[in-house]
Amino acid sequence: LDIVVANSNDNSVSVLLGYGNGSFQNQMTFSTGSYPQSVAVGDFNNDTRLDIVVVNSLSNDVSVFLGYGNGSFQNQTTFSTGSWPQSVAVGDFNSDTQLDIVVVNYEDNDVSVLLGFIIIGFMNQIALTAGHGSRPRSVAIADFNNDSRMDVALANSGSHTIAIFLGDGNYSFSNLTTYSTGSTPMSIAVGDFNNDSRSDIVAANYDSQTVSIFLGYDNGCFTNQSIYSTGPESYPYFVAVGDFNNDTAIDIVVITRGTNNLGIFLGYGNGTFSNVTLKAMGYGSNPFCVLIGDFNDDRKLDFAVANEGTDSLSMFLQTC
């Protein structure tokens, strides 16, 4: 596995090609727009090669880098978004086998959906309104109502909610449904936490120092939140999911910026979780994102943590 990282202050992305043993080549950098914040990958031109999309907060656009399949990329092509885009995800929202892009716009309180077409362009965007003062910070994509169409979930830091837009499969969406979270949700992730083949949601609540768990029904609705503490003064900033202990139950990992920790909640497979276990990242590391993957080909999930304070990437390889 390889890694791509957005470098906000350098206006670039770094690509680190993996050797398959948990180590990486030196970075290659590619220029982006102004203040890149979030990155996603997908094959945008159907050539079986992975491409990159980056959201640029200050230039209010996304950069698309088409891959050559050898670890290098073309120069960026940019497409406009709303104001102060924060997070990006990709999926096929109109069932045409072409990947589309969804971006959350913090200052506009909405979401931009850019419909892709084969000649590497994106048609005029549509905007999904998240509500006055919602301040969306993170987006995730999944089929929440089991109709084989992609839906959108947001973490709204201003209104302290998650918002769900159900997709119609033709580039249109239902009105939003919201569920209360803790205070200032900053990140959202999707997984099946109770083994019922339905998508569930976890949100990291920065100011209440908790994570919220929402179990999904098969109609796009969710239970009210269950709350787990991430510890005093922890300020959780980013959340991701995976089976970290190979017990077939989905677990949760959270980045806590206040305490410079990596926090792990082990899942029991029934929608409940253990108390958080913390791993120190080091004083001044200021971690802000964690990537999950098998970086050394041993069939165990590893962590790659991006640290703003030390301008570094920390690798945690599972040994058991």
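1. A word on exposure to begin: a residue is called buried under 20% relative accessible area, exposed over 50% and partly exposed in between, using a 1.4 Å probe and protein chains only. By that scale Asn-60, at 28% relative accessibility, counts as partly exposed. Please keep in mind that this is a predicted model, in which local features need pLDDT of at least 70 and side-chain atom pairs count only at pLDDT 80 or more, while totals for chains, interfaces and linings use all residues. Residues are numbered from 1 along each chain as its sequence is written, and side-chain values use heavy atoms, with hydrogens and water left out.

2. Two loop residues deserve a look for their backbone angles. Asn-60 has a phi near 55°, a positive value in a residue other than glycine. Asn-60 sits in the loop between strand E5 (51–56) and strand E6 (61–65); helices (H or I, at least four residues) and strands (E, at least two) are DSSP runs, numbered from the N terminus. Asp-311 is also not a glycine, and has a positive phi of about 50°. Asp-311 lies in the loop between strand E27 (302–307) and strand E28 (312–316) and is exposed, with a relative accessible area of 73%.

3. How many of the five residues of strand E2 (residues 12–16) are buried? Five of the five are, so E2 is largely enclosed by the rest of the structure. Both of its faces are covered, with Ser-12, Ser-14 and Leu-16 buried on one side and Val-13 and Val-15 buried on the other. In a regular strand, side chains alternate between the two faces of the sheet.

4. Now for the partners of E2. Strand E1 (residues 3–7) pairs with E2 in the antiparallel sense over five bridges; two strands pair if DSSP finds at least two bridges between them. Ala-6 stands opposite Val-13 in E2. The hairpin of E1 and E2 has four residues between the strands, and Asn-11 there takes a positive phi near 55°. E2 also pairs with strand E3 (residues 28–31), again antiparallel, over four bridges, and here Val-13 stands opposite Phe-30 in E3.

5. Further along, four strands form an open antiparallel sheet in the order E18-E19-E20-E21. Strand E18 (185–191) and strand E21 (226–229) stand at the edges with a single partner strand each, so one side of each has no neighbour in the sheet. The twist averages 20° from one strand to the next, where axes are lines fitted to C-alpha atoms (for helices over the stretch in contact) and angles run from 0 to 180 degrees between N-to-C directions. Strand E20 (residues 210–214) pairs with E21 over four bridges, and Ser-212 stands opposite Ile-227 in E21.

6. Another open sheet has three strands in the order E26-E27-E28, with antiparallel pairing. Its edge strands are E26 (287–293) and E28, each pairing on one side only. Six bridges join E26 to E27, and Val-290 stands opposite Val-305 in E27.

7. Which residues have the most contacts inside the largest nonpolar core? They are Phe-93, Val-102, Val-113, Val-139, Val-152, Leu-154 and Phe-173, in a core of 17 residues. Such a core is a set of buried Ala, Val, Leu, Ile, Met, Phe, Trp, Tyr and Cys residues joined through side-chain atoms within 4.5 Å. The elements giving two or more residues to this core are strands E9 (100–105), E10 (110–114), E14 (136–142), E15 (151–156) and E16 (161–165). A second, separate core of 14 residues includes Ala-140, Ala-155, Ala-203 and Phe-222.

8. The whole structure holds 14 aromatic pairs. Rings of Phe, Tyr and Trp (its six-membered ring) pair if their centres lie within 6.5 Å, with planes under 30 degrees apart counted as stacked, over 60 as edge-to-face and the rest as tilted. The rings of Tyr-206 and Tyr-237 have centres 6.4 Å apart and planes at 75°, so this pair is edge-to-face. Tyr-228 and Phe-273 are also edge-to-face, at 5.9 Å centre to centre and 85° between the planes. Tyr-228 is buried at 14% relative accessibility, and Phe-273 is buried at 6%.

9. Lastly, the cysteines. The structure holds zero disulfides, a disulfide being a pair of cysteine sulfur atoms within 2.5 Å. Cys-221 is partly exposed, with a relative accessible area of 32%, whereas Cys-289 is buried at 16%.
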